[in-house]
Amino acid sequence: MLLPGFSAFAQQPPKPLRKPLSSISPAGFKAHVQYLADDQLRGRQPGTPGYKMAVDYVVAQLQQRGVQPAGENGTFLQTVQLRRAITEAGATLRLTPAGPASALAYGTDFTLYPNPEQPETAVEAGLVFAGFGISAPELGYDDYAGLDARGKVVVVTRLEPTHFPDAVRLYNTDLLTVLQTAARHGAVGVLLAAPKATTKLPDPPKGLVSVLGADGKVAVSRSFQPQIQVAGSISAATLQRLFAGAAVDTTQAMAALRAGKSASVALLPRLVATQRSRYQDVTSYNVVGKIEGADPQLRQEYVVHTAHLDHLGVGAPVAGDSIYNGAHDNATGVTTLLEIAGVYQQLKPKQRPKRSVLLTVVTGEEMGLLGSAYFARNPTVPREKLVANVNTDMPTIIAPLLSVVALGAENSTLAAPVAEAARALGLTVEADPEPAQNRFIRSDQYSFVTQGIPALHIKYGNKTADGRNNLSEQVQKWRAVTYHKPQDDINGQFDFEAGKTYAQLNFLVGYLVANNPQRPTWSPGNFFGERFAK
């Protein structure tokens with residue numbers, strides 16, 4: 001039992017925690033969101049004065065709540081150097097079959113991702129098709145089996161594999177995994193083939209962002225591997241051209257892949273690619289605060305609460321507004337951490353948990369989970385002492401919170417404290433109503449998972465007060481007009497009572513983990529545990 005008598009409280013937390021938890025108020029929750037989503041912060045884009053204003057606000061609020069600095073050099077800050085790389089006009093891709101060289105059109109036939117380490121790249125290499133780009137022989141599937149990819153550009157389809165369990169599919173089709181797998185097999189390039197003729201090729205106009213280490217090299221990126229000199233996307237029509245003269249055609253290859261069979265094949269054309277990348281470097285920050293645990297030994301271990309502070313800044317106007325305030329995404333998440341700090345401030349010394357708690361507000365989530373990935377790999381405390389991550393990202397508090405989904409909790413023993421905390425607040429725990437959204441790998445908890453640290457992300461459930469239990473449908477409608485738009489501001493749809501409940505729940509989950517003498521462990525046979533546990 002994690003707290004004496006805790007499981008006996010079917011609809012309320014244990015008595016010592018009730019008054020501290022009641023310090024969270026809907027009005028206080030709203031006040032934090034209102035400041036963080038104010039127009040003067042200009043959408044909190046990393047590297048801007050508005051983002052620094054948000055950082056200063058978070059630091060001041062943590063200090064007021066008695067949180068200790070746990071960043072670098074005795075401060076609350078961890079510096080994160082961001083590099084935005086942009087593909088310049090003039091990138092080329094040519095095929096050199098037996099006949100004359102064949103040039104492809106940028107934007108229609110192909111796009112290339114910028115290279116954050118090499119301003120100019122030129123690659124000439126052979127081509128191979130590697131199916132989904134998955135190499136998992138331990139699971140009985142390997143697109144690289146018998147395929148010589150050394151020194152080649154690997155072509156993979158972005159057709160969604162349906163014959164893998166969700167965890168396997170999510171991990172193996174993630175762009176970073178695809179690049180890492182190709183590099184491990186000696187490839188020098190990767191081209192991602194659109195699955196349909198109507199699929200628009202990705203070509204981010206603002207480029208792609210990475211984190212630079214102290215040596216000036218890329219330390220964290222979701223779209224770059226040093227060995228991969230050229231990476232990009234090609235259309236379905238271009239894929240057809242690449243298969244000219246191959247042992248199988250694209251129809252046969254896709255049919256095999258849909259049937260769960262490998263369809264790897266050498267392609268006859270050679271590829272010549274050239275590109276130039278330009279850079280914009282900015283300094284950003286993670287904010288790290290510590291609440292010290294009570295146990296002399298276990299206080300050296302840490303439960304990490306995270307929420308991302310950044311949003312999209314100023315962009316294209318929508319309905320006359322160009323400031324992407326990010327009130328739900330993710331001022332509400334940051335507010336949750338500030339409210340958790342306030343609860344800890346109200347605890348009597350004997351109620352402090354055994355382990356320490358880190359409140360970590362991260363940068364660059366919208367750019368590819370960059371701040372959390374940098375912290376998870378380079379924490380300001382010993383990495384082996386991080387025992388769990390509880391992430392909060394856009395809880396979408398637009399209606400009463402009656403049920404929750406704990407994304408990722410099923411992977412580890414974290415499912416138990418989630419169930420315990422939810423029961424204490426009268427909430428039910430449900431399965432993910434939107435599994436196709438791949439939400440588990442799309443927010444900062446995944447950065448900790450890839451470092452072998454059990455993690456979860458609590459989202460809204462489907463339960464509604466009217467019994468229709470269709471909150472997921474309501475959220476989808478809300479998201480269509482609000483998500484990643486200037487309309488996500490303080491004037492939008494909110495239920496701050498739900499925000500209060502959400503913050504209480506996240507506190508209880510972290511508190512229970514911090515107070516349990518046993519570290520969280522991965523579930524037996526869990527894919528992520530077996531893949532990443534150190």
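**Figure 1. The second largest pocket of the predicted model.** The second largest pocket has a volume of about 370 Å³. A pocket is an open set of points, on a 1 Å grid over the protein atoms alone, with protein on both sides within 12 Å along at least five of seven lines; lining residues have an atom within 4 Å of a point. Grid points are joined across faces, edges and corners, and a volume is the space filled by probe spheres set on the points. This is a predicted model, in which local features need pLDDT of at least 70 and side-chain atom pairs count only at pLDDT 80 or more, whereas totals for chains, interfaces and linings use all residues. Residues are numbered from 1 along each chain as its sequence is written, and side-chain values use heavy atoms, with hydrogens and water left out. The lining comprises 21 residues, of which Leu407, Gly408, Glu410, Asp432 and Phe440 lie nearest the centre of the pocket. At least two lining residues come from each of α4 (166-173), β20 (403-407) and β21 (428-430), and α4 gives the most, with four residues. Helices (H or I, at least four residues) and strands (E, at least two) are DSSP runs, numbered from the N terminus. By class, the lining holds 12 nonpolar, three polar and six charged residues. Ala, Val, Leu, Ile, Met, Phe, Trp, Tyr, Cys and Pro count as nonpolar, Asp, Glu, Lys and Arg as charged, and the others, Gly among them, as polar.

**Figure 2. The two cavities.** Two cavities of 30 Å³ or more are present in the structure. A cavity is a set of grid points where a 1.4 Å probe fits but cannot get out. The largest cavity has a volume of about 60 Å³, and its lining includes Tyr113, Pro114, Phe224, Gln225 and Gln275.

**Figure 3. The nonpolar cores.** A nonpolar core is a set of buried Ala, Val, Leu, Ile, Met, Phe, Trp, Tyr and Cys residues joined through side-chain atoms within 4.5 Å. Buried means under 20% relative accessible area, exposed over 50%, and partly exposed in between (1.4 Å probe, protein chains only). The largest core has 72 residues, and those with the most contacts inside it are Leu62, Leu309, Leu359, Leu505 and Phe507. Helix α13 (residues 496-515) gives the most to this core, with 12 residues. Apart from this core lies another, of 63 residues, among them Phe110, Phe132, Val155 and Leu257.

**Figure 4. The surroundings of threonine 111.** Threonine 111 lies in strand β5 (residues 110-112) and counts as buried because its relative accessibility is 0%. Its side chain reaches the backbone oxygen of proline 202 at 2.7 Å. Leaving aside neighbours within four places in sequence, threonine 111 is in contact (heavy atoms within 4.5 Å) with Tyr106, Leu201, Pro202, Asp203, Gly232 and Ser233.

**Figure 5. The surroundings of alanine 253.** Helix α7 (residues 250-258) contains alanine 253, which counts as buried at 1% relative accessibility. Not counting residues up to four places away in sequence, alanine 253 touches Phe129, Phe243, Val248 and Ala263. Alanine 253 and aspartate 109 are 144 residues apart in sequence and 20 Å apart in space, C-alpha to C-alpha.

Key. A polar contact is a pair of N or O atoms within 3.5 Å; within protein, one must be able to donate a hydrogen and the other to accept it, and residues adjacent in sequence count only if both atoms are side-chain atoms.
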